[in-house]
Amino acid sequence: MLRLLVFIGFLYVNTSYAESYTVLSYHGANPPYSYFEDDIMKGIFPDIFARISELSGHQFTFVTFSVARGLRLFDQGQVDIEPGINPIWRSHTKVPGIYSEFYASSREIVVASQYRQERTPLDLYHKVLGVVRGYRYGEFEQHFAPGKIVKVDSRSEVELLAQIEHGNIDYAILGEASALFYINKNKRTSFKPVLLVSDLPVAMRFQPHLSVLRSELNKILIDMKQRGEIDTIYAKYGTKP
């Protein structure tokens, strides 16, 4: 009976402190991280937060914006969490935020309609390369300048792939997981990985005042990693953390 009372008490405490938070998503077209299928949001991030919700009692609602607008809203305190971020990518923002433990990694690659023996960024000079507006690419950005790589902005990785297919750009920078998702989804796709841009660990980015939530989710993320749940979620979408 004592064990039963303790368990009931735990459930009461867990639900009593349950809160609702917003999670940033980009255009709903950022597969395999988040995307819509039959009007239902699917992907790695929804699956991770669905599991976190089960374990914490909190509710997480995805809000979808362009990258540029999403970053502005985070700066304004109107979005609580941005998943899958390396702190370097947001060091330039007004509100850098606070971060969870790293739970996975993100590899950014250059893709093209065909591989032409490119070995370094120098091989891309005087060519047109598409990027997502608002994304940051670390040291690779030193090659975006007159007389070097011609950079053009796009709203999403989906648009970048469409531009490559139509021959509007020569190259694009995508997350490797996204590239593999599209390759596996559409066997007729013609683009190929060309160069590695970066390979960095990623975390959850929180508003600075959400330190208690960060500590709570840190414990959950560590447990999920140790139990192999993060691996399982990524594998569901044809990639690995």
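Biologist: Let's start with confidence. What is the mean pLDDT of the chain, and which element has the lowest mean?

Modeller: The chain averages 88, and 91% of its residues reach 70 or more. Among the elements, helix H1 (residues 2–16) has the lowest mean pLDDT, 41, while strand S7 (residues 98–99) has the highest, 98. Over residues 1–13 the pLDDT is below 50, and beyond near neighbours in sequence this stretch has zero contacts in the model. Where pLDDT is low, the predicted coordinates should not be read in detail.

Biologist: Good to know. Why is His 58 called buried?

Modeller: Its relative accessible area is 3%, and the cut-off for buried is under 20%, so His 58 is buried. This residue is found in the loop between helix H2 (44–56) and strand S5 (59–65). Leaving aside neighbours within four places in sequence, His 58 is in contact with residues including Tyr 17, Tyr 21, Leu 213 and Glu 216.

Biologist: How do you know that the His 58 side chain makes a polar contact with Glu 19?

Modeller: A polar atom of that side chain lies 2.9 Å from the backbone nitrogen of Glu 19, and the limit is 3.5 Å.

Biologist: What makes Glu 54 and Arg 51 a salt bridge?

Modeller: Their closest N and O atoms are 2.9 Å apart, and the cut-off is 4 Å, so the pair counts as a salt bridge. Both lie in helix H2, three residues apart, about one turn of the helix.

Biologist: And why is Glu 54 exposed but Arg 51 partly exposed?

Modeller: Exposed means over 50%, so Glu 54, at 59%, counts as exposed. Arg 51 has 25%, which falls between the 20% and 50% cut-offs, so Arg 51 is partly exposed.

Biologist: What about Glu 229 and Arg 227: how do you know that they form a salt bridge?

Modeller: Their side chains meet at 2.5 Å, N to O, against the 4 Å limit. Salt bridges that share partners join Arg 51, Glu 54, Arg 227 and Glu 229 into one network.

Biologist: Last one: what makes strand S8 largely enclosed?

Modeller: Seven of the nine residues of S8 (residues 104–112) are buried, so the strand is largely enclosed by the rest of the structure. Nine bridges join S8 to strand S12 (residues 192–206), running antiparallel, and five join S8 to strand S11 (residues 171–175), also antiparallel.

Methods. Residues are numbered from 1 along each chain as its sequence is written. This is a predicted model: local features need pLDDT of at least 70, side-chain atom pairs count only at pLDDT 80 or more; totals for chains, interfaces and linings use all residues. Side-chain values use heavy atoms; hydrogens and water are left out. Helices (H or I, at least four residues) and strands (E, at least two) are DSSP runs, numbered from the N terminus. Buried means under 20% relative accessible area, exposed over 50%, partly exposed in between (1.4 Å probe, protein chains only). A polar contact is a pair of N or O atoms within 3.5 Å; within protein, one must be able to donate a hydrogen and the other to accept it, and residues adjacent in sequence count only if both atoms are side-chain atoms. Contact means heavy atoms within 4.5 Å. Two strands pair if DSSP finds at least two bridges between them. pLDDT is the predictor's confidence in each residue, from 0 to 100.
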